[in-house]
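Subject: Structure handover

Hello,

Here is the structure you asked to see. My notes on it come after the model.

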Amino acid sequence: MERQFLGSPVLAGTSVAEMVAAMMGAHAQVLSAAEVSVGVRTEGLTRADVRAALWEDRTLVKTFGPRGTVHLLPAAELPFWTAALPAIPSGAGQFAPEVRLSEEQAELVAAALDEAATPLTLDELGEEVVARTGPWAGDRVMPAFQSLWPRWRQVMHRAGQSGALCFAPDRGRKATYTRPPHFEPLPTADAGLTTLVRHYLRAYGPARARHFARWAAAPGGWADRLFTSLASADEIEEVDFAGEPAWVAAGDTGFPEEPARVLRGVRLLPYFDAYGIAAQPRERLFPGGAYERALARGQAGNYPLLLLDGVVAGVWHQRRNGRRTTVMVEPLGRLTARQERALGERVDRVGEVLEARAELAIGKVTVGPHA
């Protein structure tokens, strides 16, 4: 937890990009959730600082990251992310054969996206792709969110993962896409995967190959072979973790004898926070009733989390009304007076990050997952 800035106050001078690097990316399908992920790890930054790093300084990039989902990634780390992510096998995909792009078609779409002038909206990107490939790319056959998307969008996350495009500032209510800041990718996929695994283990190790596979949405057998290869090359080393074998980056064995306690014992993490997604084994992070209440059919991220001493002890939800936001927290057990005071401070911090006045309410969270 110390390495995700959850065990002690952020070090003075630590940049937004450095915090995001320590988290292995901040999930940003909903940008405000990524802003809270970064902000609650500090005592001073707000969403304005995150947006400045993203849109002005460009030390952050909003793009398609691990699992093909939208993330904030440090621009300085694009060389290894863009080498590693395309090399992670994803299987046949979720689409029927008549909907799925062939590999040849996928390569044509990827090339069209790479050649398109930017910034462009999604519709404008689609026009560019169809013009450069053919009308088949625009066929609306791809089921998504109670509608049908054009066929070419199956490849969009791959273009982001390879560094061909990233998000630009919205144009009104429409998302736009552009090229990331210039970078030189690592020369091989193997070099990218080695760096990715070592960074992952530094952030969330000791961990097993299956933990990495779950985080990366990769086949378990492939992850086993990757870890075996990295161990043979002395890139990672095996340690004992709670009586079971696990892996760390080679030489990274300086862990404290006693687990670090979370600052003031209490933390609030938003939807899809990196710690809730990546920390393993999941049964330790979600003990007892937390496994049922704070997960959606075993999937992490769908509920904002209340942490007590590093483990999940409840869920929460915030509802904004103008400059005010009400944070409803549902603890799974009774809070002490000290914990409740600390919770109030954490709620105030959420409000500061979102530039709103926050009010704490304790009770049942009635909204469903990812609401």
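This is a predicted model: local features need pLDDT of at least 70, side-chain atom pairs count only at pLDDT 80 or more; totals for chains, interfaces and linings use all residues.

Cavities. There are 3 cavities of 30 Å³ or more. The largest cavity has a volume of about 60 Å³. Its lining comprises 7 nonpolar, 3 polar and 1 charged residues, among them Met23, Met24, Arg67, His71 and Trp215. The second largest cavity has a volume of about 50 Å³, and its lining is made up of 8 nonpolar, 2 polar and 1 charged residues. Asp273, Phe286, Tyr303 and Leu305 are among the residues that line the second largest cavity.

Aromatic pairs. The whole structure holds 9 aromatic pairs. In one of them, the ring centres of Phe212 and Trp215 are 5.8 Å apart and the planes meet at 40 degrees, so this pair is tilted. Phe212 and Trp215 are 3 residues apart in helix H9 (residues 209–216), about one helical turn. Phe212 is buried at 0% relative accessibility, and Trp215 is buried at 5%. Phe212 also pairs with Phe227: the centres are 5.7 Å apart and the planes at 50 degrees, so that pair is tilted as well. It links distant parts of the chain, with Phe212 in helix H9 and Phe227 in helix H10 (residues 220–232), 15 residues apart. Phe227 is buried too, at 2%. Ring pairs join Phe212, Trp215 and Phe227 into a cluster with Phe80, Trp81, Tyr200 and Tyr204.

Charges over rings. Arg153 lies over the face of Trp149, 3.5 Å from the ring centre. Arg293 lies over the face of Tyr303, at 5.2 Å from the ring centre.

Regards

How values were computed. Residues are numbered from 1 along each chain as its sequence is written. Side-chain values use heavy atoms; hydrogens and water are left out. On a 1 Å grid over the protein atoms alone, a cavity is a set of points where a 1.4 Å probe fits but cannot get out, and a pocket is an open set with protein on both sides within 12 Å along at least five of seven lines; lining residues have an atom within 4 Å of a point. Grid points are joined across faces, edges and corners, and a volume is the space filled by probe spheres set on the points. Ala, Val, Leu, Ile, Met, Phe, Trp, Tyr, Cys and Pro count as nonpolar, Asp, Glu, Lys and Arg as charged, and the others, Gly among them, as polar. Rings of Phe, Tyr and Trp (its six-membered ring) pair if their centres lie within 6.5 Å; planes under 30 degrees apart count as stacked, over 60 as edge-to-face and the rest as tilted. Helices (H or I, at least four residues) and strands (E, at least two) are DSSP runs, numbered from the N terminus. Buried means under 20% relative accessible area, exposed over 50%, partly exposed in between (1.4 Å probe, protein chains only). A charge sits over a ring if NZ of Lys or CZ of Arg is within 6 Å of the ring centre and within 35 degrees of the ring normal.
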